[in-house]
Amino acid sequence: MDFGYVNWSTNTAVVEKWNEGLTQGKIMATRCTSCQQVFLPPRGHCPCGGDVEWIEMNPEAELFTYTVIMFAPESIADRAPYVVAIGQFENGVRMLAHLFANPNALKVGMKVKLKPEQLDKNRITVKYVPV
Amino acid sequence: MRKVAVVGVGHGKFGKRTDATLRELAFEAVIPALEDAGITQNDLEAGVVTIAGEEFAGQGAPSALVGDYTGIQPRPVFRVESACASGTAGLKAAYGMVSSGLHDIVIVVGVEKMNAVSSVRATELMARAGDTRWEYPFGVSFPGFYALFATRHMHEYGTTKEQLAMVGVKNHYYGARNPVAHLPKEIPLEEAVNAMIIAWPLGLYDCCLISDGGAAAILMSEEKAREYTDTPVWITGVGSGSDTMMVAERPSLTSLSGVKRAARDAYKMAGIEVKDVDVAEVHDCFTIAEIMAYEDLGFCKAGEGGTFIEDKQSYIGGAMPVNVDGGLKSKGHPIGATGVSQCVELVKQLRGECGERQVEGAEIGLSHNVGQTGQFANVLIYSR
Ligand SMILES: [Zn+2]
């Protein structure tokens, strides 16, 4: 399984585990067992050197900021226009993803939810949708 | 540490230069810089070449090509890369080599050939400077990242799209008076506000140009500088900082923490306060970036950047003249050349050579050069 509309990175164990969570409908993050920092998207290492463990996120978030991309990079140009959003979750962490909503009805602070989206048999991503 | 002066500067024409490749663009900056310093390549001890991405020009090991074509070889050359802040990173490297006593005379050559590829391809290459695992797959263009800052700035502080546009209007006003500018023409406010959207809320005139061009500066130790010139411009402060790779992780999206650190350290090293600065070159890759720079550099308080431009405080005659050469917006932004181009403008300002764009009596200049979306930040202070 590959992650994202476009990518070219190899799949490490962390990405495999994240993708596996998505196929089960879950948004998974990692948390450092030493300093407790939560990483979303997940990291396999904490800068403090502590071990990380997997936790399931509450997918509900608030729209922190957004943009509507009209002129897109070459590799994803066929999807434009699209909304790129950063959501802030209840534990304070934030993640960037597309937001599927009317671009004229967006408001910072609105309630959104991060969901897996299967793009085809071998490709999955996440997207925000309004709650 | 020894004192370091800029003794010679050279600047090529910025623009969509179908007539020149990387080597010619470098050449047309290096030769004027040597002439300005009154030296030849034989007097140089080393060269630092700043190019952000060899993928634009399609030339691997581009610093070797630049070193060869401009006649710096067989003296040593190497490349310094910090995305859009490469130019000042190169100046910092050269400053270190001269101040430490390793070399007495070093040239910094900043150059980029961006228009060898299409604009949609250039957008792709720049998007890859975002985290390729977690941001790039969502197609976040470079304007897109700064648009995320702009939306948040508007939400937190009430900054308006008109205020953003006013930054572009100012920079085009001054760029129209700069013969090396890429787009030397004035833009009416109404046209800027209503321009085609690139990444909401940023329109065409909120975004810098995709430019080709080169700039060069020759740095010398105090002893050598006194030998070659009566008007040395000293580098008195060098500060730098960095930030998270992923923009979403940052505590604030209305400020760049690396810039604040860089400014603090540069002011301290130069022994000055912000009020002592007479003229500033800031990294206006997007209009929101200039507004954030006003705030992060201390020209005004956080959240007041919008009214700072609306009140024309960043025009000549205002509290802090900013980008009176046209900035990245109108002068252009050949990525690796930009930090060196800022150096060229400030040296000329401090020597009083800027004609109708001259800030009268300018003694202290500030250069603010940001790479990616704040992952690299350098602030340099120049003094007469
Ligand atoms: Zn930790």
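**Reading the features**

Author: A:C48 is partly exposed, with a relative accessible area of 45%. Keep in mind that this is a predicted model.

Reader: Which atoms coordinate the zinc ion?

Author: The zinc ion is held by the SG atoms of A:C32, A:C35, A:C46 and A:C48, at 2.2 to 2.4 Å. Along the chain these donors have the spacing C-x2-C-x10-C-x1-C. A:C35 sits in the loop between β2 (28-32) and β3 (38-39) of chain A, and A:C48 in the loop between β3 and β4 (52-56) of chain A, so the pair ties together parts that are 13 residues apart in sequence. A:C35 is partly exposed, at 37% relative accessible area.

Reader: What makes the arrangement around the zinc ion tetrahedral?

Author: Start with the general idea. Ideal angles for four tetrahedral donors at a metal are 109.5 degrees. In this model the four donor atoms around the zinc ion subtend angles of 105 to 122°, and the arrangement is tetrahedral because of these angles.

Reader: Next, salt bridges. How many are there over all chains?

Author: Side chains of opposite charge can pair when their charged atoms come close. Over all chains the count comes to 26 salt bridges. One of them joins B:R152 to B:E156, with the closest N and O atoms 2.8 Å apart.

Reader: Which residue forms a salt bridge with B:K161?

Author: The partner of B:K161 is B:D206, and their closest N and O atoms are 3.9 Å apart. This pair links distant parts of the chain: B:K161 is in helix α7 (residues 161-175) of chain B, and B:D206 is in the loop between β6 (202-203) and β7 (213-221) of chain B, 45 residues apart. B:K161 is buried, with a relative accessible area of 13%, and B:D206 is buried at 1%.

Reader: And B:K170 with B:E290: are these residues buried or exposed?

Author: B:K170 is buried at 0% relative accessibility, and B:E290 is also buried at 0%. The two form a salt bridge in which the closest N and O atoms are 2.9 Å apart. B:K170 lies in helix α7 of chain B and B:E290 in helix α11 (residues 287-296) of chain B, so the pair ties together parts that are 120 residues apart in sequence. Salt bridges may also join into a network, as with B:R17, B:D19 and B:E28.

Reader: Now a strand. Why is β10 of chain B described as largely enclosed by the rest of the structure?

Author: Look at the residues of the strand, 364-371: eight of the eight are buried, so the strand is largely enclosed. On one side B:I364, B:L366, B:H368 and B:V370 are buried, and on the other B:G365, B:S367, B:N369 and B:G371.

Reader: Which strands pair with β10(B)?

Author: Strand β9 (residues 279-281) of chain B pairs with β10(B) in the parallel sense over three bridges, and here B:A280 stands opposite B:L366. Strand β11 (residues 376-383) of chain B runs antiparallel to β10(B), joined by eight bridges, with B:V370 opposite B:A377. In the hairpin of β10(B) and β11(B), four residues lie between the strands, and B:Q372 takes a positive phi near 55°.

Note on methods. Residues numbered from 1 in each chain as written. Chains lettered and ligands numbered in written order. Predicted model: local features only at pLDDT ≥ 70, side-chain atom pairs only at ≥ 80, totals over all residues. Heavy atoms only, no water. Salt bridge = Lys/Arg side-chain N within 4 Å of Asp/Glu carboxyl O. Helix = DSSP H or I, 4+ residues; strand = E, 2+ residues; numbered from the N terminus. Buried < 20%, exposed > 50% of the residue type's maximum accessible area, 1.4 Å probe, protein only. Pairing = 2+ DSSP bridges. Donors = N, O, S within 2.8 Å, 3.2 Å for Na, K, Ca; no water. Tetrahedral: all angles 85-135°; square planar, octahedral: opposite > 155°, others 65-115°.
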